[in-house]
Every structure is written in C-alpha cells, then in structure tokens.
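Please keep the sequence and the structure in view while reading.

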Amino acid sequence: MSNVTLNVEGMSCGHCVSAVEKAVSGVGAAAKVDLPAKTVAVEFDENKVSLSAIKAAIEDQGYDVV
C-alpha cells in the first residue's frame, strides 16, 4: 500500500469533503480530507489504481490538485 498527501485547492465545506472522499473511493482508494489544511491523505494499492487516476477523480469534482 502507498500513502500520499495531496494539496487540494477549492475545498471549503463538508460537501467538499464528502465529494472528494467519495470520488477517491470510487477509483479504489481511501481518502481522509483535512479541510483546514487543504490536504487529502490517500492510501492506495499501486497495483490497482494509479496516482494520476486519483488526482483525475478529485479534479473531476471541480477541485485543483496542486
């Protein structure tokens, strides 16, 4: 398993947290959003999902991975 923390811009509320965590879950990874820090801690299996797919899932929700 791999762990990475992504900086994500545009999150501001509980709906944002839910949207990001659900999107990451949808591609087969686990996410924990830290709203005040604007970060998303992601745990994933590199053999099942790529980091680029995780970033794309977050960006598809309208947030910017920086």
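Ser2 is buried, with a relative accessible area of 15%, which falls under the 20% cut-off for that class. The model is a predicted one. Ser2 belongs to strand S1. Its side chain makes a polar contact with the side chain of Glu46, at 3.0 Å. Once neighbours within four places in sequence are set aside, Ser2 is in contact with Val42, Glu43, Phe44 and Glu46.

Two of the strands pair with S1. Strand S1 covers residues 2-9 and runs antiparallel to strand S3, residues 39-44, to which 6 bridges join it. In this pairing Val4 stands opposite Val42 of S3. S1 also pairs with strand S4, residues 64-65, again in the antiparallel sense and over 2 bridges. Here Val8 is the residue of interest, standing opposite Val65 in S4.

Is Val4 buried, exposed or partly exposed? With a relative accessibility of 24%, Val4 counts as partly exposed, because that class lies between the 20% limit for buried and the 50% limit for exposed. Not counting residues up to four places away in sequence, Val4 touches Val40, Ala41, Val42, Phe44 and Leu51. Of these, Leu51 is 47 residues from Val4 in sequence, yet their C-alpha atoms are 8.8 Å apart in space.

The next stop is the loop between S3 and helix H2 (51-60), where Val49 is found. Val49 is buried, its relative accessible area being 6%. Its contacts beyond four places in sequence are Val27, Gly28, Ala29, Phe44 and Ile54. Gly28 and Val49 are separated by 21 residues in sequence and by 6.6 Å from C-alpha to C-alpha. Phe44 is a contact of Ser2, of Val4 and of Val49.

Which residues of H2 are buried? They are Ile54, Ala57 and Ile58. Viewed down the axis of H2, these buried residues fall within an arc of 95°, so they line one face of the helix. On the other side of H2, Ser52 and Asp60 are exposed. The buried residues of H2 pack against S1, helix H1 (14-26), S3 and S4. Gly62 follows H2 and has a positive phi, near 100°.

The elements can now be put in order. The protein has 2 helices and 4 strands, and from the N terminus they run β-α-β-β-α-β. The radius of gyration is 10 Å, close to the 11 Å that the globule rule gives for 66 residues, so the protein is as compact as a globular protein of that length. Along its principal axes, the C-alpha trace spans about 30 × 20 × 20 Å.

Totals for the protein complete the description. Among contacts between residues at least 6 apart in sequence, 61% join residues at least 24 apart; the pair Val4 and Leu51, 47 residues apart, is in contact. Buried residues make up 35% of the 66 residues. The accessible surface comes to about 3,800 Å², and carbon and sulfur atoms account for 46% of that surface.

Notes:
Residues are numbered from 1 along each chain as its sequence is written. This is a predicted model: local features need pLDDT of at least 70, side-chain atom pairs count only at pLDDT 80 or more; totals for chains, interfaces and linings use all residues. Side-chain values use heavy atoms; hydrogens and water are left out. Two strands pair if DSSP finds at least two bridges between them. Buried means under 20% relative accessible area, exposed over 50%, partly exposed in between (1.4 Å probe, protein chains only). A polar contact is a pair of N or O atoms within 3.5 Å; within protein, one must be able to donate a hydrogen and the other to accept it, and residues adjacent in sequence count only if both atoms are side-chain atoms. Contact means heavy atoms within 4.5 Å. The radius of gyration is taken over C-alpha atoms; the globule rule is 2.2 Å times the number of residues to the power 0.38. Accessible areas come from the Shrake-Rupley method with a 1.4 Å probe; for residues, only the protein chains shown count as cover. The arc is that of the directions from the helix axis to the C-beta atoms.
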